[in-house]
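Student: Could you walk me through how one reads the features of a protein model, going from the whole chain down to single residues?

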Amino acid sequence: MQPIMVYMTAESMDQAKTIAHELISNRLAACVNILDHMQTLYWWEGKVEEGGEVVVLAKTRAELLPALAERVQVVHSYDCPCIVSWPITDGHQPFLDWIGRETASAAG
């Protein structure tokens with residue numbers, strides 16, 4: 001099992017909570033953290049945009065990333081939502097084992 005961290009952004013706290021509930025209830029993530037009040041600047045359709053977003057961090061396993069990304073795209077309001085991941089290469093082993101156990105039924 002390869003544990004990963006998935007970084008996403010949402011337009012509001014309500015949307016972030018919707019994403020979190022979808023991922024947790026479908027066992028696509030063992031845990032989701034929501035960080036409010038992030039400021040963001042980015043290029044969109046040829047110009048620089050600036051605004052506020054909410055960070056959504058999910059702990060899951062690599063094999064679930066395609067299903068997780070698909071589920072997020074269904075409930076997300078953005079045309080091109082940020083959904084990126086990186087491997088968790090080390091950590092407190094009981095916590096990493098917990099990620100595996102809590103997402104096991106989704107890996108089916």
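This is a predicted model: local features need pLDDT of at least 70, side-chain atom pairs count only at pLDDT 80 or more; totals for chains, interfaces and linings use all residues.

Student: Which elements does the chain have, and in what order do they run from the N terminus on?

Tutor: One begins with the inventory of elements and then takes their order. Here the chain has 3 helices and 4 strands, and from the N terminus on they run β-α-β-β-α-β-α.

Student: What does the radius of gyration say about the chain?

Tutor: The idea is to set the value beside the one for a compact globule. For 108 residues such a globule would have a radius of gyration near 13 Å, and the chain, with 14 Å, agrees with this. Along its principal axes, the C-alpha trace spans about 45 × 25 × 20 Å.

Student: How much of the chain is buried, and what share of the contacts joins residues at least 24 apart?

Tutor: Burial is read residue by residue and then taken over the chain: 35% of the 108 residues count as buried. For contacts one looks at the separation in sequence, and among those between residues at least 6 apart, 73% join residues at least 24 apart. The accessible surface comes to about 6400 Å², with 52% of it belonging to carbon and sulfur atoms, while the mean positions of the 7 positive and the 14 negative charges lie 9 Å apart.

Student: Is isoleucine 99 buried or exposed?

Tutor: Here the cut-off matters, since a residue is called buried when its relative accessible area is under 20%. Isoleucine 99 has a value of 0%, so it is buried. This residue belongs to helix α3, and, with neighbours within four places in sequence left aside, it is in contact with Pro3, Ala30, Lys59, Thr60 and Ile88. The C-alpha atoms of isoleucine 99 and isoleucine 4 are separated by 9.4 Å, although the two residues are 95 apart along the chain.

Student: Where is proline 87 placed, and which residues does it touch?

Tutor: Proline 87 is in strand β4, residues 83–87, and, not counting residues up to four places away in sequence, it touches Gln2, Pro3 and Ile4. Between the C-alpha atoms of proline 87 and proline 3, which are 84 residues apart along the chain, the separation is 6.2 Å. With a relative accessible area of 48%, proline 87 is partly exposed.

Student: How far apart in space are glutamine 93 and tyrosine 78?

Tutor: Sequence separation and spatial distance have to be read side by side. Glutamine 93, in helix α3 (residues 93–107), is 15 residues from tyrosine 78 in sequence and 35 Å from it in space, C-alpha to C-alpha.

Student: What joins the side chains of threonine 40 and glutamate 53?

Tutor: They are joined by a polar contact of 3.5 Å. Threonine 40 lies in strand β2 (residues 31–44) and counts as buried at 12% relative accessibility; beyond its neighbours within four places in sequence, its contacts are Glu49, Glu50, Gly51 and Glu53.

Conventions:
Residues are numbered from 1 along each chain as its sequence is written. Side-chain values use heavy atoms; hydrogens and water are left out. Helices (H or I, at least four residues) and strands (E, at least two) are DSSP runs, numbered from the N terminus. Buried means under 20% relative accessible area, exposed over 50%, partly exposed in between (1.4 Å probe, protein chains only). Contact means heavy atoms within 4.5 Å. A polar contact is a pair of N or O atoms within 3.5 Å; within protein, one must be able to donate a hydrogen and the other to accept it, and residues adjacent in sequence count only if both atoms are side-chain atoms. The radius of gyration is taken over C-alpha atoms; the globule rule is 2.2 Å times the number of residues to the power 0.38. Accessible areas come from the Shrake-Rupley method with a 1.4 Å probe; for residues, only the protein chains shown count as cover. Lys and Arg count as positive and Asp and Glu as negative; His and the chain ends are not counted. The place of a charge is taken as NZ of Lys, CZ of Arg, CG of Asp or CD of Glu.
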